[in-house]
Amino acid sequence: RASVDPTGGSAEEEPATPRERRRQGGAAMGIHSVIVTNRRGMVLFKKYFDAALDDERILLFEQALVMDSEHMWQEAFSTEQVLALDDACVLLRGINGESSQAAGLIVFVAGTEEYNELILMEVLHMLLDILIVVCGSREKVTESHLLSPVCYGKFAVCLDQMIFQGHLEESDVKTIVRMSKMKQPKNKD
């Protein structure tokens, strides 16, 4: 769509879709990061959606995240926990390992702007479902599962299919997993 210039000329074209507007930098970031740690607070997986963050700011964010949320980890294995950190809202949830909670993982999703607790809760549940699917376990995902090359890569690709430049693009777990395999949908003839 072209916009009209009040001086009589034509202005440049406006992007037609939200995704095109985000590609051109026209929308604020919503999802700040996705981080997976073990019970000792060691970061096993991380993806930041703000290209302006440098290594020092990322390290400070991760340190504050672990320190400020550590007291919530035990409870996170039974229900989602909410934490305010800097200008981000952070939700965390534990996923049990094979033998005990000590072997489990903690998944964090942080959001800013319009991504409030309710939206982040849905994103967190999708991330947990994706972890279970790509690691091939029924609600028992361990550090070794996640760090295996196949699971780690699948999880990273699924995350890329799910979130684009900090905005939720796809919310159906089956579709995300199928798209990450780059398979065409089956015809229902």
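Q: Okay, which helix is serine 69 found in?
A: Serine 69 is in helix H2, which covers residues 55-69. Before we go on, please keep in mind that this is a predicted model.

Q: Got it. Is serine 69 buried or exposed?
A: Serine 69 counts as buried because its relative accessible area is 0%, and the cut-off for buried is under 20%.

Q: What does serine 69 touch, not counting residues up to four places away in sequence?
A: Serine 69 touches Leu83, Leu92 and Phe108.

Q: And how many residues apart in sequence are serine 69 and glycine 41?
A: They are 28 residues apart in sequence, and their C-alpha atoms are 9.7 Å apart in space.

Q: Let's zoom out. How many helices and strands does the chain have?
A: The chain has seven helices and nine strands.

Q: What percentage of the residues count as buried?
A: Of the 189 residues in the chain, 43% count as buried.

Q: And what about contacts between residues 24 or more positions apart?
A: Take the contacts in the chain with a separation of 6 or more: residues 24 or more positions apart account for 53% of them.

Q: Can we look at leucine 85 now? Which strand does leucine 85 lie in?
A: Leucine 85 lies in strand E5, residues 81-85. Leucine 85 counts as buried because its relative accessibility is 4%.

Q: What is leucine 85 in contact with, leaving aside neighbours within four places in sequence?
A: Leucine 85 is in contact with Phe61, Ala64, Leu65, Asp68 and Val90. Take phenylalanine 61 as one of these partners: along the chain it is 24 residues from leucine 85, and the two C-alpha atoms are separated by 8.3 Å.

Q: Where is the place of aspartate 86?
A: Aspartate 86 sits in the loop between E5 and strand E6, which spans 88-95.

Q: Is aspartate 86 buried or exposed?
A: Aspartate 86 counts as exposed, because its relative accessibility is 67% and the cut-off for exposed is over 50%.

Q: What's the phi of aspartate 86?
A: Phi is near 55° there, a positive value in a residue other than glycine. Glutamine 165 also has a positive phi, about 50°, although it is not a glycine.

Q: Where is glutamine 165 found?
A: Glutamine 165 is in the loop between strand E8 (163-164) and strand E9 (167-168). Glutamine 165 is partly exposed, with a relative accessible area of 36%.

Q: New topic: helix packing. What describes two packed helices?
A: Two packed helices are described by the angle between their axes and the distance between those axes.

Q: So what are the values for H4 and H6?
A: Helix H4 (residues 117-135) and helix H6 (residues 149-162) pack at about 145°, and their axes are 9 Å apart. H4 passes H6 in a right-handed crossing.

Q: Which residues make the contact?
A: From H4 they include Val123, Met126 and Leu127, and from H6 they include Cys151, Lys154 and Phe155. By class, the contact has twelve nonpolar, no polar and one charged residues.

Q: What about H6 and H7?
A: Those two pack at an angle of about 115°, with axes 9 Å apart, and their crossing is right-handed. The contact is made by Val157, Cys158, Gln161 and Met162 of H6, together with Ile176, Val177, Met179 and Ser180 of H7. Those residues divide into six nonpolar, two polar and no charged.

Q: Which residues of helix H7 are buried?
A: The buried residues of H7 (residues 173-181) are Val173, Thr175, Ile176, Val177 and Ser180. They pack against H4 and H6.

Q: Last one: what volume does the second largest pocket have?
A: The second largest pocket has a volume of about 200 Å³. Twelve residues line the second largest pocket, and His32, Asp50, Leu53, Arg57 and Asp87 lie nearest its centre. By class, the lining has five nonpolar, two polar and five charged residues.

Key
Residues numbered from 1 in each chain as written. Predicted model: local features only at pLDDT ≥ 70, side-chain atom pairs only at ≥ 80, totals over all residues. Heavy atoms only, no water. Axes fitted to C-alpha atoms, helices over the stretch in contact; angles between N-to-C directions. Helix = DSSP H or I, 4+ residues; strand = E, 2+ residues; numbered from the N terminus. Left-handed = near helix turned anticlockwise from the far one by under 90°. Contact = heavy atoms within 4.5 Å. Nonpolar A, V, L, I, M, F, W, Y, C, P; charged D, E, K, R; others polar. 1 Å grid on protein atoms, 1.4 Å probe; cavity = no way out; pocket = protein on both sides within 12 Å on 5 of 7 lines; lining within 4 Å. Points joined across faces, edges and corners; volume = space filled by probe spheres on them. Buried < 20%, exposed > 50% of the residue type's maximum accessible area, 1.4 Å probe, protein only.
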